[in-house]
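Welcome, and please have your viewer ready. We will go from selection to selection, with a short note on what to look at in each one.

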Amino acid sequence: MREVVGMRSPRLGLVAAFASSAAALSLAAPAAASERQFTYTHNTATLAPGQTELEPWTTFRVGREGFYFRMQNRLELEAGFTDWLQGAFYLNTSTITKDVEPEGGGPKVRETEFEWEGVSLELKAKLSDAVADAVGFGLYLEPSISPTEGELELKVLLDKRAGDFYFAYNLVGEYEVKYGEAEEVEHELVLENDLGLAGYIRHDVTLGVEIRNATVWVVDEGFEGSTFFAGPAVSFHQKGFWVSASFMPQLFSIKPEGAAEGVLDLEHNERITSRLLIGMDL
Amino acid sequence: MSARVALGGAIVIAAASVAAVGCVSPIPNPGAAHVNAASTVYPGTTVEELREGRSLYVAKCAGCHQLYLPSHLAPARWPASVSEMRERAAISEAHEKMISKYLVAAALVGAAGD
């Protein structure tokens with residue numbers, strides 16, 4: 001489902017995202033929360049049974065070939081089922097502002113589209129603990145469905161807290177079927193590596209770096225590219241809520257033969273991604 | 001460049017991550033020293049109780065926050081702290097006592113070793 005909503009400043013989107021996050025924060029109950037130190041890289045921790053958490057996600061994707069500004073919003077409701085198993089439900093939307101060529105020709109026009117990106121489910125199992133055990137180990141499964149694509153993600157989660165340092169690594173395998181807009185159904189395989197390293201500069205504040213690499217193969221077409229992002233990540237947590245944010249420019253991309261020249265892949269990926277996560281106990 | 005290079009890069013990141021991981025648990029498994037320490041505060045404490053306390057601590061408390069090391073608080077402050085969090089974590093009174101005993105014992109042993 002695609003709806004053109006006409007010209008709109010990307011700044012308005014930013015303001016709306018922060019305003020909705022702030023409004024949600026004001027509703028948070030004064031209780032504990034299971035904080036995240038990184039925005040792409042998941043911890044192995046799961047919520048205690050019976051606990052629920054609301055997590056608005058906002059991801060900004062800026063800069064492709066020409067003007068491009070995309071704001072993705074996910075609203076996650078997370079619940080602990082047992083001491084080691086949690087589940088979640090997501091509502092996904094996206095707003096894209098970009099320059100497009102009008103059908104009748106002429107100069108490019110800047111358009112903003114709102115896109116309903118469907119729903120996702122999540123199951124996360126913690127099999128060992130990041131503090132008590134040699135390494136935290138977990139498994140994560142996330143199916144998604146939208147009007148234009150279906151997706152299944154499986155993640156292997158590792159993390160470790162050692163003194164004031166925290167590290168997390170996710171190996172992600174993803175299978176995507178795109179059927180909405182393309183003339184033919186397209187199948188994609190994605191292998192992703194997410195890594196975060198952070199230090200506690202206060203008991204409730206971490207500062208670190210997050211690295212993300214995604215490699216994509218299109219079935220019947222082959223290797224599409226392998227793109228690396230990295231940048232600073234910061235998190236803050238208090239009783240009842242936590243905030244985590246990252247700013248990750250694209251560093252370089254390994255592209256197939258015949259692809260457009262240049263260090264970056266701006267055909268399939270953005271120049272900069274930035275993500276803000278907020279978690280609130282309900 | 002090929003997909004093989006990309007995969008190689010991914011494996012290097014993964015290997016570096018695993019190499020960064022420590023191997024020793026800072027949440028100690030209870031032994032004789034812990035039983036002796038606990039008995040000064042809770043006479044008659046057994047090693048089985050302390051082991052159960054550790055298991056409960058790891059299972060129940062990590063659902064709300066990263067586990068604190070026993071040395072995070074002075075031994076005498078642990079019971080009140082665990083009691084304060086008991087309701088939120090849906091821990092029974094019996095389990096709360098076992099967790100407190102373990103944390104007090106581990107904190108006492110840690111303090112003695114400092």
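While α3(B) is highlighted, pick out its buried residues: B:Leu50, B:Gly53, B:Arg54, B:Tyr57, B:Val58, B:Lys60 and B:Cys61.

**Zoom out to chain B**

Reading from the N terminus, you pass α-α-α-α-α. Of its 114 residues, 32% count as buried. Among contacts in chain B with a separation of 6 or more, 73% join residues 24 or more positions apart.

**Colour by confidence**

Chain B averages a pLDDT of 81, with 77% of the residues scoring at least 70. Within this chain, α3(B) has the highest confidence, at 92, while helix α1 (residues 3-19) has the lowest, at a mean of 56. Where pLDDT is low, predicted coordinates should not be read in detail. For the complex, the predictor gives an ipTM of 0.73 and a pTM of 0.81.

**Into the core**

Next, select B:Tyr102, B:Leu103, B:Val104 and B:Ala105: these have the most contacts inside the largest nonpolar core, a set of 28 residues. The largest share, 10 residues, comes from α5(B). Centre on B:Leu103 and, leaving aside neighbours within four places in sequence, you will find it in contact with B:Tyr57, B:Pro70, B:Trp78 and B:Val82. For a second, separate core, of 13 residues, move to chain A and select residues including A:Leu158, A:Tyr166, A:Tyr169 and A:Leu195.

**Two backbone stops**

Most residues other than glycine have a negative phi. Which phi does A:Asp220 have? Its phi is positive, about 80°, although A:Asp220 is not a glycine. Look for A:Asp220 in the loop between β10 (205-218) and β11 (222-238) of chain A. A:Asp220 counts as exposed because it has 8 C-beta neighbours inside 10 Å, and the cut-off for exposed is 12 or fewer.

Finish at B:Ala90, also not a glycine, with a positive phi of about 55°. B:Ala90 sits in the loop between α4 and α5 of chain B. With 14 C-beta neighbours inside 10 Å, B:Ala90 counts as partly exposed.

Definitions and conventions. Residues numbered from 1 in each chain as written. Chains lettered and ligands numbered in written order. Predicted model: local features only at pLDDT ≥ 70, side-chain atom pairs only at ≥ 80, totals over all residues. Helix = DSSP H or I, 4+ residues; strand = E, 2+ residues; numbered from the N terminus. Buried ≥ 20, exposed ≤ 12 C-beta atoms within 10 Å, placed from the backbone. Contact = placed C-beta atoms within 7 Å. Core = buried A, V, L, I, M, F, W, Y, C linked by C-beta atoms within 7 Å. pLDDT = per-residue confidence, 0-100.
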